[in-house]
Amino acid sequence: MSIRKVLLSPEHTIFAYNTEREGMEYGELHFKDLQDRPQWQVYLHRIGTHQEEDVLVYEEKEDTVFVDITSTKDKKFITINCNSLSSSEARVIDATLKREQGQPPTLRRIKARVPGLEYYADHHGSTFYLLTNAHGATNFKLVRFPDTLIEDAVWEDVITMKETDKIEDVDLFQNFIVVYGRREGLPIILCYDVTTRTAHTVDLPEQFCVISPGTNLDFTTDSFRFSLSSPFTHESTYEYDMTHRQLKPIRIPHMQGRNPVLMRSYGAYGISTEPDFRIEHFPLLERGWVIALAHVSFKDFISVAEHLVHTKVTSPSSMAAVGTSAGGLLVGAMLHMRPDLFKALVLKVPFVDPLSAMLNPNLPLTQVEYPEWGNPTLDKTTYEYIQDYSPYENVEHLKTTCPMPSVFITAGLKDQRVSYWQPLKLVARLRHALGKESSRRLFLKVDLDKGHFGSGVEQEARLAEAAEQVAFLVSQVQS
C-alpha cells in the first residue's frame, strides 16, 4: 500500500489523501472526518455537521461517463462536469448564494449532452468561457456567453484556430486568458487581453519542446508560470509577464547532452508524441542513434519509416520502434504490415488483441472505449477494420519472404487497462507460427507485481526497466 497523492483544502482544515496497492490504478480516497462518496454522485456537505445530513445534489446514470467537481477560476461558480471520451455535460452552482441547511442548491445546465460535442467551462466577470469543439471546430475554439442566459445562450467565438492549429488548454485570469495549443504540430502559448480583445504569442526559448502549464492559482495576477522541456533539456520553469511581455527563467537545470533510428509513437486518442526529456534516450544518442517521433497511425507510421530510409537517414537493418499500450498496438501491427522495415520492436504492455477486448463489454474499459475504437458487436465494417490491424489476428499473415524483427514484449499481471493475457496470447501464437529458430528473437517479460504503468515513480526500478529495453535495442541493432 502506498500514498499516491495528498492535498489540503484552501483553509488547511481538511486533509485528503489517496492510497493504492502496488501495481493498481484504483485505490481509496480518504478525508479527515469525512467518508469517500461514489464518483457518480455529488453531495452537499456543510462543514461541522453530521454526514447523515448531506444532501444529494446530482447523480449520473450513465456508466461510461466520468464525474468530477471543480470551481471556476474566479471562485464564483462550482461546476459538476460529466465527461465521456466524446461528449460533455456541465452544470453550475452559484457559489456566492447562501443556502438553508438541508436545501439542495440550484443546478443550471450549460448545454445538454450531445454525442460528439465536448465543452469545458470557466467563468470570468459576468461571462462564461468554454473550450469546445462545437460547430465543426475539431481542433477546438474558445467561445463565451453571458452568465444570465446559460442554456439558452448563443455562443460567441473568441478565439478560433486554423486547420493546422489546435487549442489544448485554457487558463483564465482577471485581465488575460492564456491559451496553450499547437501550431503546425509545435507548442504555442497565446495571451488574450480581455479588455482590448487582442492576442499575442509568447516567444518560447525553444521551438521543439514540451510545454506544461504551471499551477497558477492567483486569478488577479498578470503573470503566469509554465514548464518547458526538450529532448536535450531537462524541465525548466519560466514566468511570463503578460502586460510587459517579458519571459524570465525561474529554474533551469544545467544538463548538456551531446545512425541507427528509434521511432516512437502512440497513435491514439489524439495524443501527440511529445519531444520530452527521457533519460533512457541518452545511452542511444551517445551511440549515434536518432530518435524519431511520429504523430501518426498505422499507414502514416509506415510512411515515416520509409521516409527515413529514402532520405538515407537509416536503413531497415538499423531501424527500431517502441510503443506503449495503444502505441504497442501501432508498433505491433508492423509485424504483419511491414516487417521488412524494422530490425527490432519493443512493445510495452501492448494492446495487441483489440478485437477480443472490444467484443467483451464486461471488461473494465470496453464500453468507455467504444467512441475511440468502435463497437464491433454492432457494425460489421468496424469488426473487419479492427481485425485488419490487430497484431494477434494477423499472425498467420506474417510475411515469410523477409526476416522477422526481433521483438521485446512486456506485460503486467496487475494491469487493468491492457489485460496481461493480451501480450501472452500474441507471444504464444508467434512462437507457434514461427518455429523454434525464429522464436529465439522473441523476448517476453511478465512483471508479477506491476500494473499498466510499470514501476511508476520508483526511479531505481524504472531505470532498470529502461536499461533492459536499451540493452535489447543495442544488442539487436548494433551487434
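Visitor: Which residue forms a salt bridge with Arg144?

Guide: In this predicted model, the partner of Arg144 is Glu156, and their closest N and O atoms are 3.4 Å apart. To read such a contact, one compares that distance with the cut-off: a side-chain nitrogen of Lys or Arg must lie within 4 Å of a carboxyl oxygen of Asp or Glu.

Visitor: Where in the chain do the two residues of this pair lie?

Guide: Arg144 belongs to strand S12 (residues 141-146) and Glu156 to strand S13 (residues 156-159). The two are twelve residues apart, and the pair links distant parts of the chain.

Visitor: Is Arg144 buried or exposed?

Guide: The reading rests on relative accessible area, with buried meaning under 20% and exposed over 50%. Arg144 has 8% relative accessibility and so counts as buried. Glu156, at 39%, counts as partly exposed.

Visitor: How many salt bridges does a search of the whole structure find?

Guide: The search finds 22. Some residues are joined in a network of these contacts: Glu60, Glu89, Arg91, Arg109, Arg113 and Glu151.

Visitor: Which salt bridge links Glu89 to Arg113, and what is its N to O distance?

Guide: The side chains of Glu89 and Arg113 meet at 3.1 Å, N to O. Glu89 is in strand S8, while Arg113 is in the loop between S9 and strand S10 (119-124), 24 residues apart. Glu89 also forms a salt bridge with Arg109, where the closest N and O atoms are 3.6 Å apart.

Visitor: Why does Glu89 count as buried?

Guide: Glu89 counts as buried because its relative accessibility is 6%. Arg109, at 29%, counts as partly exposed, and Arg113 is likewise partly exposed, with a relative accessible area of 26%.

Visitor: Over how many bridges do S14 and strand S15 pair?

Guide: S14 and S15 (residues 176-183) pair over seven bridges in the antiparallel sense.

Notes. Residues numbered from 1 in each chain as written. Predicted model: local features only at pLDDT ≥ 70, side-chain atom pairs only at ≥ 80, totals over all residues. Heavy atoms only, no water. Pairing = 2+ DSSP bridges. Helix = DSSP H or I, 4+ residues; strand = E, 2+ residues; numbered from the N terminus. Buried < 20%, exposed > 50% of the residue type's maximum accessible area, 1.4 Å probe, protein only.
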